[in-house]
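Reader: Could you show me how to read pockets, helix faces and backbone angles in a model? I would like the general idea and then the case at hand.

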Amino acid sequence: MDLKKKELTNFFCIVYFIWGLFQQIQNTVNIKFKFEEGIGQILNVFLLVSMFFLPLLVMKNQNFEVRIWNIISLILFFGLIIYLSKNQNFTFIATYALILMAGNFYFEDVLKTFLIFTAIILISTIFLFKLGRIPNAIVVGQYLRVRSSLGFGYYTYSAQLLFYFTVAYLVFRKQKITYIELIVLEAANYFIYYSTNTRNPYILSTLFILFVLVDKIFKFKLDILRFKFVKFIILFAFPICFIVLNVLMFWIPKSLFYTLNEALSGRLALNISGLQMWGVKLLGQKIDFEAINVNGMATQYYNFVDSSYFQTLLVSGCLFFIIIMILLIYVCNKSIKEHEQYLGIALFLIAIHSMFDPQLLLPWYSPFCLLLGQFFAVQDSSIFEKTIKE
């Protein structure tokens, strides 16, 4: 183990823990407190300063023997981020500073950090909600379905957090996972599904849990990466899902479209109306989505685009969208080359999940977007390195 790199990883994880924990509280939990915005801005500055000095320390640790092209591409991409931030907020810059730097540190420890602060938020929020200390956010959607939020600011937030927690936990534990852990994970997912009626995260989480269960029964001998077709699907999972989404929106019979659109709570139609309303710009645009009002009702002009693909395309532009797609293919390719089967499955499920939900590039929801930083790492390394020499 490189002790200095381990120490730098620990510092990165501390920054991620503090910033990610606050972002989860601010963006998902149904509470407001004094100086919330001010604290958020201070933490964004803290993260940016940390992300500036950490790579310098990493390079110093390697006697400044770095891949020049990676440094150039990092500077160019971050320059694009700064330009695009005029249509975003300060958190947007902090988010991508974190993503760009994450590839220099042990991803296993990054996963562990995410699991810890997400478990804290999920358990404490639901517990305080049950005690009546956090109010419920009753949401009435377009189809007049009343849904409880379990103490979160919107009824889907707990399900989305648990989906990414489940996927991250399965990737983190791999072959070490026990039957008890799988049962607890499925029970937690069913509880959230039963409480919020949020289908997509529950179905995808359950599919992954079932695969791991079967793999464990067969003593972890289900090597699906030996099939070229599976490799192809995982490698191009994100562009394939984007293409499939376009097919569902524009190329299927109208009767089938209406049925799917209703089953997906109007998400397909919202994508189309978003394209018609704003169009796609090369370098993005400022969009203020109208969603839920203060009374928990969907606004009369509800236009929120849930799809990660289309939200990124509309807000950040097609240039940024293409770059992100290339980076996602790079990460998927790396997971295949290193034969990280569980990670490959996780990325495939996230690609499907992102068709209808907007959390793909939000590090307080998902640690997997931090893998994009692998492309910009100052020195090439595997996704999962040994933290202890054997």
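Reader: By class, which residues make up the lining of the second largest pocket?

Author: Let me start with the ground rules. This is a predicted model, where local features need pLDDT of at least 70 and side-chain atom pairs count only at pLDDT 80 or more, while totals for chains, interfaces and linings use all residues. Residues are numbered from 1 along each chain as its sequence is written, and side-chain values use heavy atoms, with hydrogens and water left out.

Author: Now the classes: Ala, Val, Leu, Ile, Met, Phe, Trp, Tyr, Cys and Pro count as nonpolar, Asp, Glu, Lys and Arg as charged, and the others, Gly among them, as polar. On that scheme, the lining of the second largest pocket has 15 nonpolar residues, one polar and no charged ones.

Reader: How is a pocket told from a cavity?

Author: Both are found on a 1 Å grid over the protein atoms alone: in a cavity a 1.4 Å probe fits but cannot get out, whereas a pocket is an open set of points with protein on both sides within 12 Å along at least five of seven lines. Lining residues have an atom within 4 Å of a point. Points are joined across faces, edges and corners, and a volume is the space filled by probe spheres set on them. Here, the second largest pocket holds about 330 Å³. Its lining has 16 residues, and M51, F52, P55, L74 and M101 are the closest to its centre. Two or more lining residues come from each of α2 (36–61), α3 (68–84) and α4 (90–102), with α2 giving the largest share, six residues. These helices are DSSP runs (H or I, at least four residues), numbered from the N terminus.

Reader: And how many cavities of 30 Å³ or more does the search find?

Author: There are four in the whole structure. The largest has about 60 Å³ of space, and its lining includes F238, L328 and C369. By class, that lining is eight nonpolar residues, one polar and no charged.

Reader: What is the phi of F35?

Author: Most residues other than glycine have a negative phi, and most peptide bonds are trans. F35 has a positive phi of about 60° although it is not a glycine. This residue sits in the loop between α1 and α2 and is exposed, at 67% relative accessible area. F220 also has a positive phi, about 55°, and lies in the loop between α8 (199–217) and α9 (228–235). At 23%, F220 is partly exposed (between the two cut-offs).

Reader: Is Q26 buried or exposed?

Author: Q26, in helix α1 (residues 3–28), is buried, with a relative accessible area of 14%. Not counting residues up to four places away in sequence, Q26 touches K32, E36 and E37.

Notes
Buried means under 20% relative accessible area, exposed over 50%, partly exposed in between (1.4 Å probe, protein chains only). Contact means heavy atoms within 4.5 Å.
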